[in-house]
Amino acid sequence: MEQFPKLKVIISGGGTGGHIFPAIAIANQLKFVNNHTTIHFVGALGKMEMQKVPEAGYEITGLNIAGFQRSLSFQNLLLPLKIFFSIVKSIALLKRLKPHVAVGVGGYASGPLLFAASLLRIPTVIQEQNSYAGITNKILAKRASLVCVAYYGMEKFFEPAKIVVTGNPIRDLVKNLQSEQGDAIAKFNLLSQYKTILILGGSLGARSINLAVTALLPFFKEHNIQLIWQTGKLYASTASNAAINYSNVFVAPFINNMNDAYAAANIIVSRAGAGTISELCMVGKPAVLVPSPNVAEDHQTKNALALVKDGAAEIIPDHDLATKLAPLLTQLINNPEHAASLAKNIKNLALPNAAAHIVDQIYKVARP
């Protein structure tokens, strides 16, 4: 008998790369331990997962589900109907696929699918990525078999007996920085003798970060600071036009070779999504976190502050970015001892092999 028997697993969630990449990492690990495992994804129609999951080689079913709009919107009136029909569709899918376990990684589709699985008495595993649990996961956890978390102290949100600290799965391509910094910098047509800042604003792009960086392009040129600038797809054209006369800037809507980007960087400026923070911990470079103000329950600020209290990162509120980014980057460049302390402390928070730990937990609750 194999150590890891064949399972049928359904994984739900998505909406952003921060949910999708961990989900795919879990699926890949399930396949690694037993290649005969059957995996099916459930996502939200029109969201990134409907493209990214098939690209990774997995089948996906889309639900017509969305989140609650904080502004007055007709869409909010339709939300109860969308939830109801998503649950009905999830029940039908679960009865057809008969999975041994359902895994939720967060995102719009995770709620209806995990709720439907619990109604059918299918074991469920929640992967809570943030340091502050969202309301959906707090509700779902009452019926879940296990909750895999990335931060200690989550007992204030979940039953202690259900919690397992596993960390957040990250992309395989950033687990180990194999590139030498000089070689990595050359791949972006930049120079090794200058400090390099990696700017990350997420897969869609962060308006405030992109506007601040655009305004600071003369400052970066004057101080011989190089940029590797991931703009997100919404701002790629504007940023490219702004940087056209700056040889010290590499601009791309999305960076596929993140291993090289992380290796090339001296300092990283980033949003504070849970998946990104997990990658930054593995990378171990000085980080300036700019939490998005547009996420539910201000998760990103809470994620960032969890690092700041351990001396593992710097934080700039989104509304202060335009005035505080340049002074803080200058301070980090001119104070290598402080930068080194940030790098050491963030590296100490890394939880490697998260996907393997989560798969171990999945096998503990699954009923093959």
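## Cavity in the predicted model

On a 1 Å grid over the protein atoms alone, a cavity is a set of points where a 1.4 Å probe fits but cannot get out, whereas a pocket is an open set with protein on both sides within 12 Å along at least five of seven lines; a lining residue has an atom within 4 Å of a point. Grid points are joined across faces, edges and corners, and a volume is the space filled by probe spheres set on the points. This is a predicted model, in which local features need pLDDT of at least 70 and side-chain atom pairs count only at pLDDT 80 or more, while totals for chains, interfaces and linings use all residues. Residues are numbered from 1 along each chain as its sequence is written, and side-chain values use heavy atoms, with hydrogens and water left out.

By this rule there is one cavity of 30 Å³ or more. The largest cavity holds about 40 Å³ of space, and its lining is formed by Leu114, Phe115, Ser118, Thr124, Ile126, Leu140, Arg143 and Ala144. Helix 4 and strand 5 are the elements that give two or more residues to this lining; helices (H or I, at least four residues) and strands (E, at least two) are DSSP runs, numbered from the N terminus. Helix 4 gives the most, with three residues. The lining of the largest cavity divides into five nonpolar, two polar and one charged residue, where Ala, Val, Leu, Ile, Met, Phe, Trp, Tyr, Cys and Pro count as nonpolar, Asp, Glu, Lys and Arg as charged, and the others, Gly among them, as polar.

## Second largest pocket

The second largest pocket contains about 530 Å³ of space. Its lining comprises 28 residues, and Ala150, Tyr151, Cys281, Leu349 and Leu351 lie nearest its centre. In the lining of this pocket, 17 residues are nonpolar, seven are polar and four are charged.

Helix 10 (274-283), helix 11 (299-308) and helix 14 (354-365) each supply at least two residues of the lining. The most comes from helix 10, with four residues.

Helix 4 (residues 110-119) is largely enclosed by the rest of the structure, because eight of its 10 residues are buried. Buried here means under 20% relative accessible area, exposed means over 50%, and partly exposed lies in between (1.4 Å probe, protein chains only). The buried residues of helix 4 are Ser110, Gly111, Pro112, Leu113, Leu114, Ala116, Ala117 and Ser118. Just after helix 4, arginine 121 adopts a positive phi of about 60°.

Helix 1 (residues 17-33) has 17 residues and spans 24 Å from its first C-alpha to its last, close to the 24 Å expected at 1.5 Å a residue; the expected span is 1.5 Å times one less than the number of residues. Helix 1 is likewise largely enclosed by the rest of the structure, since 12 of its 17 residues are buried. Among them are His19, Ile20, Pro22, Ile24, Leu30 and Val33. The cover over the buried residues of helix 1 includes strand 1 (8-12), strand 2 (38-44), helix 2 (49-55), strand 5 (124-128) and helix 14.

## Cysteines

The structure holds zero disulfides, a disulfide being a pair of cysteine sulfur atoms within 2.5 Å. The sulfur of cysteine 148 has its closest cysteine sulfur in cysteine 281, 18 Å away, which is too far for a bond.

Cysteine 148 is buried, with a relative accessible area of 0%. Cysteine 281 also counts as buried, at 6% relative accessibility, and lies among the residues nearest the centre of the second largest pocket.

## Individual residues

Serine 270 belongs to strand 11 (residues 267-270) and counts as buried at 2% relative accessibility. Leaving aside residues up to four places away in sequence, serine 270 touches Leu200, Thr276, Leu280, Val288, Leu289 and Val290, contact meaning heavy atoms within 4.5 Å. Methionine 258, in helix 9 (residues 258-264), is buried with a relative accessible area of 1%.

Proline 368 lies in the segment after helix 14 and counts as exposed, at 62% relative accessibility. Proline 368 touches Pro5, Lys6, Leu7 and His100, not counting residues up to four places away in sequence. The C-alpha atoms of proline 368 and proline 160, 208 residues apart along the chain, are separated by 26 Å.
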